[in-house]
Amino acid sequence: MRPVNRLGDRLARRGFLVGAGVATTGAALGAGAVLTGGGTARAAVPPRPDLMTAALGTPLEELPEAVRQARARGDRADPAAARATRTAKELKPFRDPLPVPRVLRGRGGALTVSMREARLKLHAQLPPTRLWTYEGSHVGPTVEARRGRRLRIAWENDLKGDFPVPAVRVPFAYDPDLPLMWDRPGREGAQAREDVAALPPWTVVHLHGAVTGGGNDGWAENALLPGAAQLSEYPNRQSAAGLWYHDHAMHITHLNVMAGLGSGAYLIRDDEEERLRLPAGEREVPLVVFDRNLDVDSRGEFTGDLLYKGIVVADDPYELVRPFTGPFSMVNGVIWPYLDVAAGWYRFRALNAANNRPYLLKILDEDGRELPPEAFVVIGTDSGLLPKPDPVTAGVPLTPGERADLLVDFSRVRGQRLRLVNAHPEPGARADLMQFRVASRADHGGFVPPERPSPSFTPVPLPAGAPERLVVVTPVYPKDPELWEMEEVAAPEGEMPIDGIVQIEDAGGTVRTFKRVAATFEDPVRFTVAAGATERWSFLSLEKSAGAYPHPMHLHAVAFQGLSRDLYDVSGFTFFEKDGGGYGAGTGKPLKRIKAGELTAAERGRKDVISLAPAELVTVAARFEGPAGRFMHHCHIYEHEDMMMMRPFVVQPKAVMDLAPHGPNGGHGAH
């Protein structure tokens with residue numbers, strides 16, 4: 001985000017980059033004058049334009065007034081955009097077989113994985129694409145480990161050359177005759193960014209979901225240049241689960257994953273899982289889904305290059321760039337592939353590895369009907385198997401970073417061609433993800449889904465007086481969203497709002513007051529956790545637009561369990577201009593609980609990412625049983641974590657904390 005000088009002088013002429021005029025039907029972040037502490041009246045921020053709300057993920061069908069105003073202006077895109085849209089339609093689905101990554105197992109408790117350049121075809125109609133990869137494949141090899149057996153991996157950086165993905169930044173413009181800008185290929189006339197082209201191959205690997213020490217976790221600033229290796233040790237003292245690895249380099253994760261360092265499965269096996277005799281071998285298949293964009297030349301033809309296209313949705317007083325989504329969905333690194341399957345049971349390990357896009361997975365038959373719930377079952381989530389199967393009745397929701405362990409019975413649809421689709425209200429340019437081609441001959445394997453996938457599953461016990469943590473996510477506009485760590489304080493005197501003060505009224509009418517104590521990655525550590533402790537972590541989204549994409553909230557080093565989901569009236573949170581420029585933000589009135597929401601069966605299981613929708617307060621119980629160290633928590637939208645929606649926290653033995661010079665928890669006790 002880029003601050004602009006003389007902020008007060010510019011408020012009156014703030015422009016949203018869709019042409020003349022400002023749509024004003026969206027949820028306001030405040031209107032008129034606001035009284036700040038001390039009683040000084042200052043101008044509040046004008047309402048966020050509705051077309052900007054569309055950029056947050058709300059379907060245009062829900063913003064009819066914004067669309068009407070845009071049509072009345074008669075905006076039109078550059079002719080190159082129309083050519084690129086036609087080119088996109090020429091790319092045919094279901095032309096390529098689904099790649100299945102090879103499996104790696106350590107020898108003597110050790111393994112080496114090389115990061116190296118490769119040229120791969122992403123679709124039969126495309127030229128080869130230059131990528132940075134793990135072991136030469138767009139989705140890295142699957143690493144298999146055994147519970148309780150330590151595995152040491154040397155992640156070798158053998159990359160070379162300049163950055164393989166051109167990046168552009170273009171102002172948002174609405175053309176009613178074309179898909180939205182992020183749903184069409186090409187650069188929209190923009191020049192490639194020199195700052196991205198100059199990036200070196202600087203990378204660090206994070207094993208997402210691993211309960212390991214801080215020195216092995218893939219700390220974002222401990223990245224390596226070519227010729228070096230990251231040596232990480234994974235104890236694997238955790239339940240059988242589908243973990244995954246990806247790049248986590250500070251400031252540039254969103255670009256490195258686009259270059260090809262985006263995903264690889266890491267499967268922990270144990271005796272409990274093996275006793276279930278689940279589909280295995282060719283019938284256990286990873287499904288890694290993400291979206292990408294493609295570059296085109298001046299004639300509108302594909303070059304073979306991927307393209308990182310950032311859409312500038314506001315430029316005054318701050319430059320706001322939409323997190324990446326693209327028109328082409330990939331599964332296992334190929335655009336719209338197909339998979340030949342027998343007419344029997346399969347196990348799919350699904351992962352959302354996208355930068356920003358949420359998915360709602362459904363399987364549709366040739367008549368567009370969903371598979372019956374007895375044929376489509378969730379048996380596991382991010383960090384392990386569920387206590388009982390969860391039949392799929394309304395799709396499988398996955399925000400970035402979330403996983404689902406799925407069982408599918410194809411025997412009911414012999415000889416058909418099924419589609420895996422994204423049934424999210426804003427699925428992108430095409431809802432299709434891939435095709436299943438089911439054999440005509442019945443398969444009589446005799447498999448029956450287990451009644452209790454994880455008999456050993458126990459809820460996380462939350463003792464009385466467990467430490468509480470509150471993390472607040474602020475709305476988009478006028479600034480990028482921020483991640484605030486909060487501490488409970490006495491209610492301040494004077495008029496509200498006060499910068500950094502949030503008041504919350506619970507269902508019983510009790511008002512609690514919280515103060516922002518950290519908001520950027522560079523702020524000092526405020527959350528120090530006693531090793532072995534169980535804590536209550538709550539995440540509160542102050543976003544007002546119900547259709548906006550959720551924030552996937554991720555804790556490193558721990559598996560947690562969802563406790564509750566509640567919907568709040570967040571209209572009392574507002575931004576205001578501060579003395580001397582810049583914005584303050586806080587609640588002018590307490591945020592009131594409206595009603596209880598629902599957790600999915602997966603969210604009541606073992607998780608390490610949980611979806612935080614607008615105006616929601618989600619609370620989880622986390623037991624920090626792993627090694628001590630310095631870790632991170634963040635939003636798993638890659639652009640958000642790279643722009644500082646990421647905070648460090650520390651796990652220490654309690655006896656060490658008791659000897660801290662300023663008292664337990666470094667003088668910053670949990671609220």
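Reply: We start with a cut-off: a residue counts as buried when its relative accessible area is under 20%, and as exposed when that area is over 50%. Please bear in mind that this is a predicted model. In helix α4, residues 79-89, the buried residues are Ala81, Ala84, Thr85, Thr87 and Ala88. Viewed along the axis of α4, these buried residues lie within an arc of 160 degrees, so they line one face of the helix.

Me: Which residues of α4 are exposed on the other side, and what do its buried residues pack against?

Reply: Pro79, Arg86 and Lys89 are exposed on the other side of α4. The buried residues of α4 pack against three strands, namely β14 (294-296), β15 (302-306) and β18 (328-331).

Me: Which residues are buried in helix α3?

Reply: Helix α3 covers residues 64-73, and its buried residues are Ala66, Val67, Gln69 and Ala70. Their arc around the axis is only 165 degrees, which puts them on the same side of α3. The exposed residues Pro64 and Ala72 are carried by the face turned away from that buried side. Helix α2 (50-55) is included in what covers the buried residues of α3. After α3 comes glycine 74, which has a positive phi near 75 degrees.

Me: How should I read the chain as a whole, and how many helices and strands does it have?

Reply: The secondary structure of the chain consists of nine helices and 43 strands. The chain has a radius of gyration of 25 Å, close to the 26 Å given by the globule rule for 671 residues, so it is as compact as a globular protein of that length. The C-alpha trace spans about 75 × 65 × 50 Å along its principal axes. Of the 671 residues, 61% are buried. Among contacts in the chain with a separation of 6 or more, 79% are between residues 24 or more positions apart.

Me: Which residues touch the most other members of the largest nonpolar core?

Reply: A nonpolar core is a set of buried nonpolar residues joined through side-chain atoms within 4.5 Å. The largest one here has 92 residues, and Tyr266, Phe348, Phe410 and Phe436 touch the most other members. Strand β13, residues 284-292, supplies the largest share of this core, five residues. Apart from neighbours within four places in sequence, the contacts of phenylalanine 436 include Leu287, Leu339, Val341, Phe348 and Phe410. A second, separate core has 47 residues, including Leu56, Tyr318, Trp484 and Tyr568.

Me: What can be learned from a proline in a loop, and is proline 614 buried or exposed?

Reply: Proline 614 is in the loop between β40 (609-612) and β41 (616-623). With a relative accessibility of 9%, proline 614 counts as buried. Leaving out residues up to four places away in sequence, proline 614 touches Ser541, Glu543, Ser545, Ala546, Ala548 and Leu567. Proline 128, in the loop between β4 (110-120) and β5 (129-134), is partly exposed, with a relative accessible area of 44%. Proline 128 and threonine 303 are 175 residues apart in sequence, yet their C-alpha atoms are 8.9 Å apart in space.

Me: Which backbone angles deserve attention?

Reply: Most residues other than glycine have a negative phi, and most peptide bonds are trans. In this model, the bond from tyrosine 477 to proline 478 is cis, with omega near 10 degrees. Proline 478 lies in the loop between β29 (468-473) and β30 (483-489). Methionine 496 and proline 497 are also joined by a cis peptide bond, with omega about 10 degrees.

Me: Where does histidine 251 lie, and what is its phi?

Reply: Histidine 251 is in the loop between β11 (241-247) and α6 (253-258). The phi of histidine 251 is positive, near 75 degrees, although the residue is not a glycine. Arginine 277 likewise has a positive phi, of about 50 degrees. Arginine 277 counts as exposed at 70% relative accessibility, whereas histidine 251 counts as partly exposed at 42%.

Conventions
Residues numbered from 1 in each chain as written. Predicted model: local features only at pLDDT ≥ 70, side-chain atom pairs only at ≥ 80, totals over all residues. Heavy atoms only, no water. Buried < 20%, exposed > 50% of the residue type's maximum accessible area, 1.4 Å probe, protein only. Helix = DSSP H or I, 4+ residues; strand = E, 2+ residues; numbered from the N terminus. Arc of directions from axis to C-beta. Contact = heavy atoms within 4.5 Å. Rg over C-alpha atoms; globule rule 2.2 N^0.38 Å.
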